[in-house]
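Please look through the sequence and the model below before reading on.

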Amino acid sequence: MTLDKVSWAGLMIVAFGWALLFSAPQAADLLPRPAEDSPAHLDVASIAFCIILSGFGIAILGALQTGFGALNKFFGSALERRSGHQENLSSHRPAQQKKIVERGWVKNRAYILYMDGSVEIETLLGRRIFPSLQEAQEFIA
């Protein structure tokens with residue numbers, strides 16, 4: 001699986017958070033001590049946990065962006081291919097004008113049987129033409 005730049009950045013932030021968490025006792029010694037009456041207190045471990053969670057969130061967002069981008073490309077090409085197929089069908093239909101022999105239903109899908117034995121049937125991908133009724137039934141099954 002390839003990761004994009006956002007996912008890598010998120011994982012680097014996670015690594016930084018873990019490094020900060022493991023070095024929290026030493027980092028706490030380097031920080032100045034707050035005065036007794038001061039309400040400000042810097043907890044390095046809590047900051048490290050927040051950094052780790054933020055990094056995982058960024059990495060997940062990057063992975064989702066990559067995944068949905070791939071889905072968008074897939075559906076875009078499928079729609080493009082489908083529109084080209086529709087144009088081919090519409091350009092051939094007027095020239096052929098097949099004679100309809102029978103209309104019916106196969107597994108709750110309407111079909112049209114033509115004189116030459118071919119069948120036009122409604123599928124999940126739209127209307128398709130098959131050479132025979134048997135092939136149409138096999139495709140739907």
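Predicted model: local features only at pLDDT ≥ 70, side-chain atom pairs only at ≥ 80, totals over all residues.

**A strand pair and its surroundings**

Glu102 stands opposite Leu113, a residue of strand E2.

**The hairpin**

- Strand E2, which covers residues 109-114, runs antiparallel to E1, and six bridges join the two strands.
- Together E1 and E2 form a hairpin in which two residues lie between the strands, and Lys107, found in the turn, has a positive phi of about 50°.

**Arg103 in strand E1**

- Strand E1 spans residues 100-106, and Arg103 is one of the residues found in it.
- Is Arg103 buried or exposed? Its relative accessibility is 60%, and because residues over 50% are classed as exposed, Arg103 counts as exposed.
- When residues up to four places away in sequence are left out, Arg103 touches Tyr111 and Ile112.
- Arg103 and Tyr114 are eleven residues apart along the chain, and their C-alpha atoms are separated by 9.0 Å.

**Salt bridges around Arg127**

- How many salt bridges are there by the rule used here? The count comes to two.
- In one of them Arg127 is paired with Glu120, with the closest N and O atoms 3.0 Å apart, and Arg127 also forms a salt bridge with Glu122, where the closest N and O atoms are 3.2 Å apart.
- Through salt bridges that share partners, Glu120, Glu122 and Arg127 are joined into one network.
- Glu120 has a relative accessible area of 5% and is therefore buried, since the cut-off for buried is under 20%.
- Glu122, with a relative accessible area of 32%, is partly exposed, and Arg127, with 27%, is likewise described as partly exposed.

**The chain as a whole**

- The chain contains four helices and four strands, and if its elements are read from the N terminus on, they run α-α-α-β-β-β-β-α.
- The chain has 141 residues, of which buried residues make up 22%.
- Among contacts in the chain between residues at least 6 apart in sequence, 39% join residues that are at least 24 apart.

Key:
Residues numbered from 1 in each chain as written. Heavy atoms only, no water. Buried < 20%, exposed > 50% of the residue type's maximum accessible area, 1.4 Å probe, protein only. Contact = heavy atoms within 4.5 Å. Salt bridge = Lys/Arg side-chain N within 4 Å of Asp/Glu carboxyl O. Pairing = 2+ DSSP bridges.
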